[in-house]
Each structure stands twice: as structure tokens, then as C-alpha cells.
Number of protein chains: 2
Amino acid sequence: MTVSEGVPASRVSAPGPLPSEREAMCPHRLVLEHVTSRWGVLVLIRLLERPHRFSELRRAIGRVSEKMLTQTLQTLERDGLVHRDAQPVIPPRVDYSLTGLGREAAEQVRALASWTERRMDGVLAARRAYDEARRTHTEAPRSGDGTPRTHTEAPRAVDGTPRAGGEAPRVDDEARTL
Amino acid sequence: MTVSEGVPASRVSAPGPLPSEREAMCPHRLVLEHVTSRWGVLVLIRLLERPHRFSELRRAIGRVSEKMLTQTLQTLERDGLVHRDAQPVIPPRVDYSLTGLGREAAEQVRALASWTERRMDGVLAARRAYDEARRTHTEAPRSGDGTPRTHTEAPRAVDGTPRAGGEAPRVDDEARTL
DNA sequence: CTGCATCCTTAAGGATACTG
DNA sequence: CAGTATCCTTAAGGATGCAG
């Protein structure tokens, strides 16, 4: 998505109409990705509550680099979802709030977020069932089941570390409140 | 937003503590990211229409590698949103459909997608205003012609659209027929 | 056809330093 | 405080090959 500095000089000095690889298309897909983006979701939900200053958002969301927060806010502002009010004072004070458009989006997003919260139990149960089925299926092929382990031996991690079938994935949670 | 943190493919058959993963946040945040993930959104919307075979989904969605489609489907299946029906025939035939849980999620997602479509005009207008304001504001000591920018490339938004001023509007876009 | 595994490229995201 | 610019690490995603 980003140009990044790794752009070949040849490309820069010879712009032209850009051969269009996968140029503009369904624009609304992009907007959807903006509002459902990792930080976009959190920003919208926070701003639905009340306007926030930059640092307030940063603290409220937690674990977000200022770089990403800035990027997210700029994108949402450009899309007309967030209003940015920069007061020319020292030290600088900038307030972010939702526009009418942004409020609509934020409400949809919040609805989705609420849903995941309400249905969390069902999801967790499904995961346990899935993992359990997988585990028993892989480790102990039942007679008559016809699921012989072929050669899929000890599963390994990225670094090649073999790992026996499983236990609790460690969770160094921080329990953020959405 | 990605689907993968839940099931990085290797994770499916090799459940275990991977080096660095952010399964740390509140669990419902993860589910939210699954359903709002790039391919997750498209899969859910397609399946809302009717059950699909693997290759049908692939074609319907378009430009999605089978790797990503597989990963997305596995994640959604594990979360209990998608039902997988693998028929033991040759050649293999696998049908994917929504569970009750998945239908609820898909409807929320579809609502959000519809919203972006309905409000697209407003968003585009906002973008034009934003870019225009930026451009006039940035315009300054310009004596010669468009000399190749030295090193200060345009700041970008999340979607990669560079600031006005210019050239190289490298927009990473998707042409999906949602 | 469906799916798993591996390599490899690119983009996202974090850390840091600097500015107004 | 609120950014901007840069570097650098990690993760996402695509291509390919193989198996059932």
C-alpha cells in the first residue's frame, strides 16, 4: 500500500500515466478497509464516546505507536470520517471528533464489536471443539476411522522447533478494553 | 488486519506457542479482526449468498491466493463461523457454508459494506476537499519546474495515497466486485 | 480439486530522533 | 504536545511444488 522509500529511481524519474497494474477500482472496498483496520476500529469506537485529543486517544487505545495512530487518523480524516481541530497554541492542542459520516461508520463498527463480545462464548467453544477434534484426530487415529498419519511428523514452528501436540498457547495478555 | 494470527497454517496442525503473536489482547478483539480481515469480509459476504465450494469461492472473490483463502477459511471455521463439509470423493469436493454464528457476523459485515457503498460519494467528496486543501497549502517556493524531489517523499495515508503535489500516485487498490 | 509446506518479496508496524 | 522522517524488524501474502 505504501510507496515506501524503496521505489526504484527509474520509476520516480519516469512517472508517466502509470501502466496501471491494479489501479483504481471498487473504491468502497478501500473505505471498508480503513474503518475495519486494526487501529481504525479502535479509534472510531473511542471517538464515538466523545472527542479526544491525540494523546488521549493514544492512552485510551494503548499499545499503539504514535506513527500508526497518526496514519490512521489522517486516513480517516481524509475519508471525511474524522474531524481534526488543531488549535494554534503552545503547546499544540489537537482535538479529534467524528463527523456525521464518521458517526454512522463508527456505530456500525461498534455494533460489530458488540456482537463479537456477546458471542465470544460460542466462538471459544467452537475453537475448543475444533482444536480437540484436530488433536485427537492427528494423534490417535481411531480404528476404522481411516485417518492414517502419513508423514506429517512432529509439527515444527517457524524456526524448525518441533512441537508436540498441544497445550495452552501462552497468553501474555494485557486485557485491553476494546 | 489479518486472519492468520489465529491459524498460520502451520498452526493448524501444529498448535503451540509461536514466538511472537498477539493473541494477547482481549479475545473478542481477535474475532473482530478475523471477520473484518481482508479476505474474511469477502468470504463471509459470499457465503451469505449461498454455500460455496473452495474453487467457487476462489473464483468469486478473484485475486486471492489459495493459501490465503485456505487460511481465512480455517480461521473462520475454527471460530465456529463457517462450516466445512469435506466429501470423501475423488476428486475431492469441499463445501463451505455459514453457521448460525457466522450468519450473524456476515450480516453485520454486509451491513457495513453496504454502508460504505451508500456513502461513497460523501467520502470521495471529502477526499477531494482534503487533497485540495493540502495542495494549496503546500504550494510554496516553486521557481523552477518540477524538479525531481530530493528526498522528502510525500507523506502517505494508510491506503498509500500520497499527498498532493503530485506525481507517483501509487495507489494500491483492489478491484473487487464486493 | 483441495490442501499443506516452503521459499521469497513486500508491506505493515515499532523505535528512535528531530521539529515547531 | 503533536506531529514528521528514518531505519529496521516482523509479519503478511504470493508463487511454486507436492500429496491425497
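# Close-up views of a predicted two-chain model

**View 1. The ends of residues 26-124 of chain A lie 35 Å apart, C-alpha to C-alpha.** This span is 67% helix and 14% strand. The model shown here is predicted. UniProt, in an unreviewed entry, places the feature "domain: HTH hxlR-type" at residues 26-124 of chain A.

**View 2. Chain A is built from seven helices and three strands.** Along the sequence, the order is α-α-α-β-α-α-β-β-α-α. Chain A has 178 residues, and 35% of them count as buried. Its accessible surface is about 10,300 Å². Carbon and sulfur atoms make up 53% of that surface. Now take the contacts in chain A with a separation of 6 or more. Residues 24 or more positions apart account for 47% of them.

**View 3. His52(A) sits in strand S1, residues 52-53 of chain A.** Is His52(A) buried or exposed? The relative accessible area of His52(A) is 1%. The cut-off for buried is under 20%, so His52(A) is buried. Which residues does His52(A) touch, leaving out those up to four places away in sequence? They are Arg46(A), Leu47(A), Leu57(A), Val94(A), Asp95(A) and Tyr96(A). A polar atom of the His52(A) side chain also lies 2.6 Å from the backbone oxygen of Arg50(A).

**View 4. Arg63(A) has a positive phi, near 40°, though it is not a glycine.** Most residues other than glycine have a negative phi. Where is Arg63(A) found? Look in the loop between helix H4 (54-61) and helix H5 (66-78) of chain A. Arg63(A) is partly exposed, with a relative accessible area of 36%.

**View 5. A cis peptide bond joins Ile90(A) to Pro91(A).** Its omega is near 0°. Most peptide bonds are trans. Pro91(A) is found in the loop between strand S2 (82-87) and strand S3 (93-98) of chain A. Turn to chain B. The bond from Ile90(B) to Pro91(B) is cis, with omega near 0°. Pro91(B) is in the loop between strand S2 (82-87) and strand S3 (93-98) of chain B.

**View 6. Helix H6 of chain A runs over residues 100-118.** How far should its 19 residues span, at 1.5 Å a residue? The expected span is 1.5 Å times one less than the number of residues, so H6(A) should span 27 Å. The end C-alpha atoms of H6(A) are 27 Å apart, which agrees. Several residues of H6(A) are buried, including Leu101(A), Ala105(A), Val109(A), Leu112(A) and Trp115(A). Gly102(A), Ala106(A), Ala113(A) and Thr116(A) are buried in H6(A) too.

**View 7. Helix H5 of chain B runs over residues 66-78.** It has 13 residues. At 1.5 Å a residue, H5(B) should span 18 Å. Its end C-alpha atoms are 18 Å apart, so the two values agree. Which residues of H5(B) are buried? They are Leu69(B), Gln71(B), Thr72(B), Leu73(B), Gln74(B), Thr75(B), Leu76(B) and Arg78(B). Gly80(B) follows H5(B), and the phi of Gly80(B) is positive, near 80°.

**View 8. Arg78(B) lies in helix H5 of chain B.** Its relative accessibility is 16%. The cut-off for buried is under 20%, so Arg78(B) counts as buried. How far apart are Arg78(B) and Pro27(B) in space? Their C-alpha atoms are 14 Å apart. In sequence, Arg78(B) and Pro27(B) are 51 residues apart.

**View 9. Glu49(B) lies in helix H3, residues 38-49 of chain B.** Its relative accessible area is 53%. Exposed means over 50%, so Glu49(B) is exposed. Glu49(B) and Ser97(B) are 48 residues apart in sequence. In space they are 9.5 Å apart, C-alpha to C-alpha.

**View 10. Cys26(A) and Cys26(B) both count as buried.** Cys26(A) has 18% relative accessibility. Cys26(B) has 7%. Why do these values count as buried? The cut-off is under 20% relative accessible area, so Cys26(A) at 18% counts as buried, and so does Cys26(B) at 7%. A disulfide is a covalent bond between the sulfur atoms of two cysteines. How many disulfides are there over all chains? The count comes to zero.

Note on methods
Residues numbered from 1 in each chain as written. Chains lettered and ligands numbered in written order. Predicted model: local features only at pLDDT ≥ 70, side-chain atom pairs only at ≥ 80, totals over all residues. Heavy atoms only, no water. UniProt positions renumbered as here; feature names shortened; annotations may be inferred. Helix = DSSP H or I, 4+ residues; strand = E, 2+ residues; numbered from the N terminus. Buried < 20%, exposed > 50% of the residue type's maximum accessible area, 1.4 Å probe, protein only. Contact = heavy atoms within 4.5 Å. Areas by Shrake-Rupley, 256 points an atom, 1.4 Å probe, with all protein chains shown as cover. Polar contact = N/O pair within 3.5 Å; in protein donor to acceptor, adjacent residues only side chain to side chain. Disulfide = S-S within 2.5 Å.
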